[in-house]
Amino acid sequence: MVRTRKRKDVRERKLAYHLLSLPAIFLSGSIVLLPAIQTIFASFTKWNGISKAKVWIGLQNYQEIFHDWVFWKSLTNNIKWTILFVTVPVIIAMLASVFIAHYRIGHKTFQAIYLIPYLLAPTTNAIIWLNIIFSPNAGLVGFLQRAGWQITSPLGNMSTALLGVAMVDIWHYWGFLTVIFLAALRQTPLDQLESAQLDGANGWKLFFKIYLPNILPTVSLMIVLIVIYSFMTYDYIYLLTQGGPAHSTEVLSTYAYSLAFSAFKFGKAAAVSLSMGLIGSVAAYFYTWLSRKEAIE
Amino acid sequence: MKSKRLLTRSRNQKKTVAFWIAVSILCLLALISLFPLALVVLNSFKSHTEIMLNPFSWPTSFSFHNYVYTWEIGKFGTGFINSIKLTASAIIAGVIGSSTMGYVLATRRVKTWRPLTLYFMLATTVPLQMFMLPLYSTFVDLKLMGNVYAVGVAIAAWNLPMPIFLMRTYFLKVPFELEEAARIDGANTFHVLTKVIMPIVSPGIITVACIIGLFSWNEYLLTTTLLKNEVNFTATLKFLNLNGTFSRDFSVIMAGAVIMVIPMVLVFLLLQKRFIEGMANGAVKG
C-alpha cells in the first residue's frame, strides 16, 4: 500500500516537472526554434516573404552571396567590429574596475554613472549622438567647426564611418563590462593581495599576478560573448548610418535586413543570416565549453 | 567554515600619486559617460536658434514649455502606455518561462534537464535576428502585426535563456531539506513551488523582472519590424519618428531625448541594486 502510494507520488512529481518545462519550451519553440527551421528551409528557396510561393532553388542563394561584394564587405566589417570590441571596451573596463576595486573609491557612484548609457535605449542614444555630437548645425562637431577646427562628422566619411558608429556603441557598452568585472574583482582574496603587497609588488605586478588571474574566467566568458554579439550587431549601425555611406558600415545583419525588408529577397536574406549564424556558432561552441563546467557538471 | 576574506572589505589606503591618477581617470570616464546627456539637458531648455548658435550657451530661461510641446506633438502619452503594455507582457511571459524552467534545470529531477540546458545555452549564442523573417510572416498570417502584447511575448522569448540561467542560480540556493519537509507534510509540486520555494526566490524573480523589463523597454529590432502602425508605436519608436519628422527643430529633439532619459534613470536609481545584481550574476563566473 505504502509502496504503490510512493510510486504514484514519484509519477506525479515527474509529470509536474515536465509540465513546468512547458512554458519555456512553448515560448522558445514557437518564437525561436520554429522560425529557425523555416529560415533554414527558406535559404534554399526564392521567396519574397509575402506570397505563399517558395521556389526551391538549391544552393543558388549561397552561390549568389559568395560572389556578392557587399557580403564580403559586411563580413570584413563584422571582423573589424569584433577586433574593436574585444579590445577597446575590455581594456577601458578593466582599467576602471581595477582602479575602483584597488583604491576602494566611489564604488557605487562610479558604477551607477558608467551604467547610465547602457540602460538607455539604442534609439535614444543614437538620436542624442546624431544631434548633439555629430550634427554640423547643433552638435559638438558644428561648434568646433565654427571655432575654426578642421573637423567633420566621422559618420559621413567612408573611411571613418565604422569607427564613428563603434565609438557610440562602445560609449554605451563599456560601463556594463565594468560592472561585471567589478563584481568579479570583489571575489579577490584579500590575503593574496596583502601578502603580495608585503612582498613589495608594484601596480603592474599586482594587476598581472593577483587581479587578472582572479577575474580571468569572467573576462574570457565576456570576450566570447562579445565575439558572438559582434556578429549579431545591428541596432547602432542601422540607427546611425543604415549601413552607409556606400555600404561602408554594412554588417551581415543590416545587409540581411535590407535584403529582406527593402529588396524582398527573403531567400537570399536567409542565406546571409545563416552564414552569419555559422560564423557565430564557432564562438558559441567556446561559450558552451566555457560555461558547461558550471551548468552541466 | 571559516569565511574567506574578500576585497569587499574596506581598507585603509594611502593617498599616493598613483591614487590621484586613478581618481582622475575615473572622473574623466564619468565625464565622457555623462557629457552627451548633460549637453542634451542643457539644450532642452533652449530654442532652436539658440541651439544652432551655440550648443554650450546657458539657457535664457528654464521653462518647461519645450517639454509640454514635445510631449504633445510626439504623442508620448500613447507611446509610454504602449511601452508599459509591451514591457508588462514581456515581464509576465519571461518570468513564467524562466522561473519554471530555471527550477527544472536547477533540481535536475527529470532526464530532460541535460538537452534543455544545452538548447538554452545554444539559444544564447544564436543571432536571433536571422530568424525574424519567418516570424514576420507568421505575425502577418496570424494578424498579430501591431499587437504590442504579442510583440512583448516575442521579446521575452528571444531573451529567455539569460533569465532562465539567472533563475537557476537562485533556485540552487534554496535548501533542499525545506522542500522535502513540505513533501512529507503532503504538499504536491504545485504547493511546494508556490508556498515554499517562490517566497524564498522572490528577490531573484524581481531581479529577473528588472532585466527583462530593461531589454523589452529598450528593444528596437522586433518593435520596429512588427509594430508597423504609428498608433502602436512604443515610446522609443515615437521618439525615432519625432526625429524623422522634426529633424529641423533641435529644441524638440532635445526635449524628446530628456523625456526618454529621465524615466529610465529614475527607475534605475530606484532599483539599482537589482539591476546590478542581475547583470553580475548573469555573467560572473563563480
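This is a predicted model: local features need pLDDT of at least 70, side-chain atom pairs count only at pLDDT 80 or more; totals for chains, interfaces and linings use all residues.

**Charged pairs, rings and patches**

User: Is B:E277 buried, partly exposed or exposed?
Analyst: Partly exposed, because its relative accessibility is 23% and that class runs between 20% and 50%.

User: How many salt bridges turn up over all chains?
Analyst: A search of the whole structure finds five. One of them joins the side chains of B:R109 and B:E179, at 3.0 Å from N to O. That pair links distant parts of the chain, 70 residues apart: B:R109 is in the loop between α4 (76-107) and α5 (113-125) of chain B, and B:E179 is in helix α9 (residues 176-184).

User: And which other residue forms a salt bridge with B:E179?
Analyst: B:R183 does, with the closest N and O atoms 3.5 Å apart. B:R183 and B:E179 share helix α9 of chain B and are four residues apart, about one turn of the helix.

User: Buried or exposed, those two?
Analyst: Both B:R183 and B:E179 are buried. For B:E179 the relative accessibility is 5%, so it falls under the 20% limit. B:R109, at 23%, counts as partly exposed.

User: What about chain A, which residues are linked in a salt-bridge network there?
Analyst: A:E64, A:D68 and A:K268 are the ones linked.

User: OK, switching to aromatics. How many pairs are there?
Analyst: The search gives 42 aromatic pairs over all chains. Take B:F45 and B:F64: their ring centres are 6.2 Å apart and the planes sit at 75°, so the pair is edge-to-face. The cut-off for that label is over 60 degrees.

User: Where do B:F45 and B:F64 sit in chain B?
Analyst: In two loops. B:F45 is in the one between α1 (17-43) and α2 (48-53), B:F64 in the one between α2 and α3 (65-73), and the two residues are 19 apart, so to speak, linking distant parts of the chain.

User: Buried or exposed, each of them?
Analyst: B:F45 is buried, with a relative accessible area of 17%, whereas B:F64 counts as exposed at 55%.

User: Which residues make up the ring cluster?
Analyst: Ring pairs link A:W47, A:Y234, A:Y238, A:Y257, A:F261 and A:F266 from chain A with B:Y136 and B:Y220 from chain B.

User: What sits over the ring of B:W113?
Analyst: The charged end of B:R108, 4.2 Å from the ring centre.

User: Now the surface. Which residues make the nonpolar patch?
Analyst: A:L15, A:L19, A:L22 and A:I25, making about 370 Å². A:L22 is in helix α1 (residues 2-42) of chain A, and at 44% relative accessibility it counts as partly exposed.

Definitions and conventions
Residues are numbered from 1 along each chain as its sequence is written. Chains are lettered from A and ligands numbered from 1 in the order in which they are written. Side-chain values use heavy atoms; hydrogens and water are left out. Rings of Phe, Tyr and Trp (its six-membered ring) pair if their centres lie within 6.5 Å; planes under 30 degrees apart count as stacked, over 60 as edge-to-face and the rest as tilted. Buried means under 20% relative accessible area, exposed over 50%, partly exposed in between (1.4 Å probe, protein chains only). A charge sits over a ring if NZ of Lys or CZ of Arg is within 6 Å of the ring centre and within 35 degrees of the ring normal. Patches are made of residues with over 30% relative accessible area and no salt bridge: like charges are joined within 9 Å, nonpolar side chains (Val, Leu, Ile, Met, Phe, Trp, Tyr) within 5 Å. Accessible areas come from the Shrake-Rupley method with a 1.4 Å probe; for residues, only the protein chains shown count as cover. A salt bridge is a side-chain nitrogen of Lys or Arg within 4 Å of a carboxyl oxygen of Asp or Glu.
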